[in-house]
Amino acid sequence: MKVIDLINNSKSAAFSFEILPPLKGNSIDMAYKTIDMLREFDPKYINITTHRSQMVYKTTENGLYQCVAERQRPGTVAVAAAIKNKYGINVVPHILCSGFTKEETEYVLIDLDFLGIHDLLLLRGDKARHDNSFKPTVGGYEHAVDLQVQVNRFNDGFFVDGSKQLQEKSEKFSYGVAGYPEKHDEAPNLDSDIYWLKKKVEGGADYVVTQMFFDNQKYYDFVNRCRAEGITIPIIPGLKPVISMNQLTVLPKIFHCDIPEDFAKELRKCKTDEEARAVGVEWCTMQARDLISMGVPSIHFYSLMAAKSVKEVAKNVY
C-alpha cells in the first residue's frame, strides 16, 4: 500500500518521521535505534533524506590542498531497503534536483523499482555550500516540477533518453512534494510560492509535507490559501521539537521559520539545554494536540537529534 493510501485510510492522524543516512563510515545502528525508539507509535512511513556532494579541501601527499567533491551521507537507497527489510515499514527516500544529473536520478529510480520501493519525496534541494545561490547541476534540473516530469515519464515506461523500457512496469512511483507555510526563502512572496506548489500538484504530487513551523496559525492560513487555489491533496504538517537553547536563533536562520514570542519567552528563561528540551516537548505537544483536534490527516516529525523528544511528544498525543 502506498503512503498516500495509508494516510487516507488512517482513522486518526497518522504518525511518521524522518531520519538521515549515517555519516560516511558510520554504522546504520543509530538509524535503527531511532526507529526502535519510535516504532511503538505505528509509523505509517519513514522518510530518508538524500544529500548532495559538497566541495571540500583535502591535503594531498605533497602537502598541497585539492578541492574534491565528497558526499558525507551516502546510502539513501540502501538505508531505505534495509529499513523496509528489517521492519516492514513503508519508506520514502528523498529524490533531489540539487547535486544530481538526470542519469543519476534514473539509476536511483531503477534501483528503487528493483527493491519494490515506490514512494518518493521529490525536492529541489538546497544550494551547495560554496554557492551564493542555487545552481542546477550540469545535466540536472533547476526545479522540482522538472524532476516530476522525469518520474512521470519513468512511470509511463520511458528513460531520459526517450527509449522505451523493455518490460511494462507493474507498479508506479507515488510521490509527495514540499510546502512552506512561511514561504520558501527564495520565493518573492507566498502567492508565488503557492503558484508553484499548485504546479507541482498539477504535475502529479499525491500529498504535500510542510517545512517545520512553530505557529499553527501559519499552517492553517497556508492550508486555507492552498484550498482557495484549488489544491485539494493532503497537506501534512511537519513538526520539530526544540532541543537546545541555541535553536532559538539557529532554526529561524537555517529554516526561515518564526518562533512565536510566547515560545521564545519560555526558551529565554532556560538555563540549560535540558530545560530548553523540556520546553520544546511541551510546545510541540501543544502544537500536535491542536493539529489533531483540527483533523489533520497526519503529522510528520523531523527527528534529527530529537528522537527522544519526538518519543515524548508522541506519548502525549498518540
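Strands β5 and β6 (residues 119–123) run parallel and are joined by three bridges. Strands count as paired if DSSP finds at least two bridges between them. The model is predicted: local features need pLDDT of at least 70, side-chain atom pairs count only at pLDDT 80 or more, and totals for chains, interfaces and linings use all residues. Residues are numbered from 1 along each chain as its sequence is written, and side-chain values use heavy atoms, with hydrogens and water left out. Helices (H or I, at least four residues) and strands (E, at least two) are DSSP runs, numbered from the N terminus.

Strand β6 pairs in the parallel sense with strand β7 (residues 174–179) over four bridges. There, Asp 119 has Ser 174 of β7 as its bridge partner.

Both β5 and β6 are mostly covered. In β5, six of the seven residues are buried. In β6, five of five are buried. Buried means under 20% relative accessible area, exposed over 50%, and partly exposed in between (1.4 Å probe, protein chains only). In a regular strand the side chains alternate between the two faces of the sheet. In β6, Asp 119, Leu 121 and Leu 123 point one way, while Leu 120 and Leu 122 point the other way.

The second largest pocket has a volume of about 380 Å³. Of its 19 lining residues, Leu 20, Met 30, Ala 31, Thr 34 and Leu 304 are the closest to its centre. On a 1 Å grid over the protein atoms alone, a cavity is a set of points where a 1.4 Å probe fits but cannot get out, whereas a pocket is an open set with protein on both sides within 12 Å along at least five of seven lines; lining residues have an atom within 4 Å of a point. Grid points are joined across faces, edges and corners, and a volume is the space filled by probe spheres set on the points. Strand β1 (14–19) and helix α2 (29–38) each supply at least two lining residues. The most come from α2, with five. The lining divides into 12 nonpolar, four polar and three charged residues. Here Ala, Val, Leu, Ile, Met, Phe, Trp, Tyr, Cys and Pro count as nonpolar, Asp, Glu, Lys and Arg as charged, and the others, Gly among them, as polar.

A search of the whole structure finds zero disulfides, a disulfide being a pair of cysteine sulfur atoms within 2.5 Å. For Cys 226, the nearest cysteine sulfur is that of Cys 257, 17 Å away. Cys 226 is buried, with a relative accessible area of 0%. For Cys 270, the nearest cysteine sulfur is that of Cys 284, 15 Å away. Cys 270 is buried at 9%.

Pro 260 lies in the loop between α8 (247–255) and α9 (261–268). Pro 260 is buried, with a relative accessible area of 18%.
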